Structures are given as structure tokens and as C-alpha cells.
Amino acid sequence: MEQKRESQDAALTERRERRTILRDFGQEIVAHYRLSIGFGLFWTWVWLVFQTTFFSPAFLLESTMPLPGWIIPLSAYAVTFLVLGGLLRFKRYAPRGAWYLRMIPAAMSFGVLLCGVLTFSPLLDPAVNTVAFCLGGLIMGAATSCFHVEWGRMLGHLGPRKTILHGIVGTVLASVFLVFITSFSDAFLWAIAFFVPILSMRLLRLEARSVRNLYPCITGDRLHVPRRFLATSFTQGLSLGIAQTILLTGNYDGPVVALTASSFALSAVILLVCALFFRMDFNQLIYQIGFLVMALGYLLMSLFSPGFIGAVLVQMTGYRFVDIMMWALCVYLIKQRGLPTNWVFAITTCFLLLGQLTGSIVGALTIAAIPLSGEGAYSLSVVMVFVLLALALLLSDRKNLQTGWGMVRPGDAEALPGNFEMGCKLVCRQYELTAREGEVFSLLAKGRNRAYICTELTLSKETVKTHIRNIYRKMGIHSQQEVFEAVEAEQRNFGFEQEAPHEMRI
């Protein structure tokens, strides 16, 4: 009876939490609707310039090894991130000011204007036309990286949970924008692209007015390099680069825009369920969900064909899902770990773009060497399945917990658990304690006796006794002192400064 009542109480609590999440979701979006719209416009821009044939110089398409047109602005996108990261690391400088925020959309729109004019009215000299077109692409890519950082700065103030909320709504809006604007002529599409960065920046600046200390002082602290995070970003970009190259240069005739829009919306739904309702942590969301979905997309390509609509939809959904989670993870490192915005977004996004560049080159070489419809597509897809699954296993191990993000649940409250609480969580996960056993364990680790635990958790003496017996059995210990030692051992193993729980501090 006691266990049945506990199960009913847990189910009731879970339903209440879901209702609370949905209520908070609605309140946040209504209060900051401009943020969601602006974020959706930014993603629409990124998709147009860096993931479609919108930017397609003729000289690249006519080369012996056809490369996607976005490789030009993408290169500037990556290099500018390196510059921004280098300025912060070595000069402790981050661009700021009203002039800077006005210059970003102006440069993006100028690049669109230059390339748009040359697309419909090319210059008589092909060499000059090529140089001018490349210049426009480089300007768009460089300015987009600065815009990317400014969006990260704003979201870093909000925290990972609100980032996911606005990411979900922004993703859905982006899918609607994509379907709408691509249904018109090419000239209209270029005209829309001219105004998108201006409107997106305007919405961002309106929201930023209410935020204090958006540009904190840059200290001389040593900047941490999250290597596993960078490996994750590179792999994510590699997956996208190969898939996009197959779609855009492999004579694929499927509805790319409709598939992209559908993948945006589908990834938003999956993210809402996994992050906010099931409250999965970053490890589970990125490696067990996102990487698995991307690998499944490549597996379907190998089983059917690269042009199989279901395979393309699944792969792009997985990428979009991981992309939102990577934004949330960057925001977590900014807000909860105190890392500078320019540094976090510069190094992580740079590795993502380098992965996309590598993937596009690998895909183009494969298409040039082996017919896409034959062994080439099959071999490339099988290799990507292996790479994604292998890296998911390697990157999701317990070592990334040292940076404090592997087991963090972005859908939970924004407060960062202390070192003691993190040590308790590590022990519970290592010995596979149930949720109730974890609550009992935390109280034991704080030095509480059985009577206190009964009152605190509203449990009978026999139930508490049973939970403690199960905890000791799973951990192979026999006393409360060994509970303290287990938590301290985890703190030492993962580099946490040892501290007592709040209740035991003097």
C-alpha cells in the first residue's frame, strides 16, 4: 500500500510539473514574443545562406569538383569566429557599442545586395564578377558570425531552459518563414533576404533594452576549452555537411524546402517532449537522442537511397535537434559557469562550421569519384552511421561530467547545483539508485537520521528502512559514514572542490 501511494503521488507531482511547464512556456513566450520572432528570422537567414542553393556562384557549380555555393560565406563564418575568440583570449577585447550593432545587419544586407545584383546582372568581365561575388559572400559570412554571438549573448542572460523555449518557438516560426518565402520568385527571395537581418537585429535590440549588464567586464581568468564539446560540434557539422552536399550537388530532386521546414517543426516537438517533459540531461539529449536520430537518417540512406525522403527528413531532424541543444549548452556555460559569450560561441561554432566544411568537401569528393546512386552513397552512409554511433559512445561517458554539464537537465530550474549536490547526483547515477532512493541518499549524505527522513519525505519508518537497506546493498556499504566517503570520493574524482552540504556548514 505504501509503495502504491508513493507511485500515485509521484504521478500526480509529474502531472503538476507538466502543467507548470506549459504555463511557464506560455507566459515566457507572450512576455518576450519579439525574441522568438527575431530568433526565428536569424535561423531563416542561416538556412538560406549556409544550407541551400540560395548562394550559388556559377564558377563553383561549373568546376570539375562541384562544391556547394555556401562554402564561401561558411569559410568567412568560421574564420571570423576564430578572430573573435582570439581577440578575447589574447587581447581581452569583445566588440560592442551601438555602432557595432548597426554595422552587423548593414554588412549582411550589403552582401545580399551585392550578390543579388551580380546574380541577375553579372559583370562583363568574368574574373571581376567572380571576385565581387566572393567578396559579397565573405561579408555575409563574417557579419553573420558577429550576429550569432550577439544572439548568444542575449540568450546567455536568459539561461538554458528559456533558450530551449524560444528555440522551439523560433524553430517552428523559421519553418513557416521558409515555406512562405521560397514559394515566390528568386528576385523576391533576394529582396526578403536583404531585410531579414535588419528586422532580426531590431527585435533583438528591443529585447536587450530591459537587460542589465549584457556586456560584463572581461576578467583575466584562464579560459577553459571544453574539448568534448568541441568534438561534438565538429561531428554535428560533419554530418550536416555531407548530407547537404548530397542533397544540393548530387542531383537530388526532392522537396528540399518542405523537408527542411518539416524537420524544423519535428525537431521542436521532440525537444519539447524530451527536454521539458521527460527532463533528460545534456548527455541523453545530445548523444542518445540527437546523434542516434542523425545516425538513423544515414542508415535509412544506406538501406534505400540518398534521395529517400524519410531518410533525409530523419537526418535533418536529428541535426536540428542537436543544434538547439548545443545553443542551450553554450548558454549554460555562459550563465552558470561564467564563461564569456564571445569565447564560448566562437570556439564551439567554429568547430561546427569546420566540420560542415570538411563534410562538404568529403561529400563533393565522393560524388566526383563514385556515382552517388551506387556504392558511393552506400559506403558514405555506412561510414557516417559508424562515426556517429562510435562518437556518441565515446563522448557520453562520465568524463564530461567534470565540466559540470553532462548530467545537467536543461529543462529544470536555472540554479546550478553546488559541488556537494553534484557529488550526490554522481553517486546516484553510478549505482543506479531510483528517484526515491536518491532523495533518501541525499538526506543521509547531509547527516540526517531516519526520523528526520521519515518526516521530510512523508514516509513510514519501515519504508525508509527498506530504502536505506537497498541503497547500502547497491553500493556495497554498511554505514552512513561510508555514504559521506562516497560523495567525497566523487568530488575528488571529478575535480570538484570538496564542500559540505548547506545544512552542515558552519
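This is a predicted model: local features need pLDDT of at least 70, side-chain atom pairs count only at pLDDT 80 or more; totals for chains, interfaces and linings use all residues.
**The whole protein**

Begin with everything shown as a cartoon, where the protein has 19 helices and 0 strands. If you then colour by burial, you will find that buried residues make up 52% of the 506 residues in the protein. Switching to a surface view brings up an accessible surface of about 22700 Å², and carbon and sulfur atoms account for 63% of that area.

**The cores**

Next, select Phe-42, Trp-45, Ile-286 and Met-325, which touch the most other members of the largest nonpolar core, a set of 110 residues. Apart from it lies another core, made of 23 residues, and you can find it by selecting Ile-453, Cys-454, Leu-457 and Val-487, which are among its members.

Return to Trp-45 and display its surroundings: leaving aside residues up to four places away in sequence, Trp-45 touches Phe-50, Met-108, Val-112, Met-140, Thr-144, Ala-193, Val-196 and Pro-197.

**Two loop residues with positive phi**

Now select Arg-92, which sits in the loop between helix H4 (71-91) and helix H5 (98-120). Its phi is near 55 degrees, a positive value in a residue other than glycine. Is Arg-92 buried or partly exposed? Its relative accessible area is 27%, so Arg-92 is partly exposed, given that this class lies between the 20% and 50% limits.

Move on to Thr-458, in the loop between helix H17 (450-457) and helix H18 (461-475). Thr-458 is not a glycine either, and its phi is positive, at about 55 degrees. Thr-458 counts as exposed because its relative accessibility is 53%, and the exposed class begins over 50%.

**A buried asparagine**

Finish with Asn-129, which you will find in helix H6, a helix that covers residues 126-158. With a relative accessible area of 13%, Asn-129 is buried, because that value falls under the 20% limit. Which residues does Asn-129 touch, not counting those up to four places away in sequence? Show the side chains around Asn-129 and you will see Leu-118, Pro-122 and Leu-123 in contact with it.

Key. Residues are numbered from 1 along each chain as its sequence is written. Side-chain values use heavy atoms; hydrogens and water are left out. A nonpolar core is a set of buried Ala, Val, Leu, Ile, Met, Phe, Trp, Tyr and Cys residues joined through side-chain atoms within 4.5 Å. Buried means under 20% relative accessible area, exposed over 50%, partly exposed in between (1.4 Å probe, protein chains only). Contact means heavy atoms within 4.5 Å. Helices (H or I, at least four residues) and strands (E, at least two) are DSSP runs, numbered from the N terminus. Accessible areas come from the Shrake-Rupley method with a 1.4 Å probe; for residues, only the protein chains shown count as cover.
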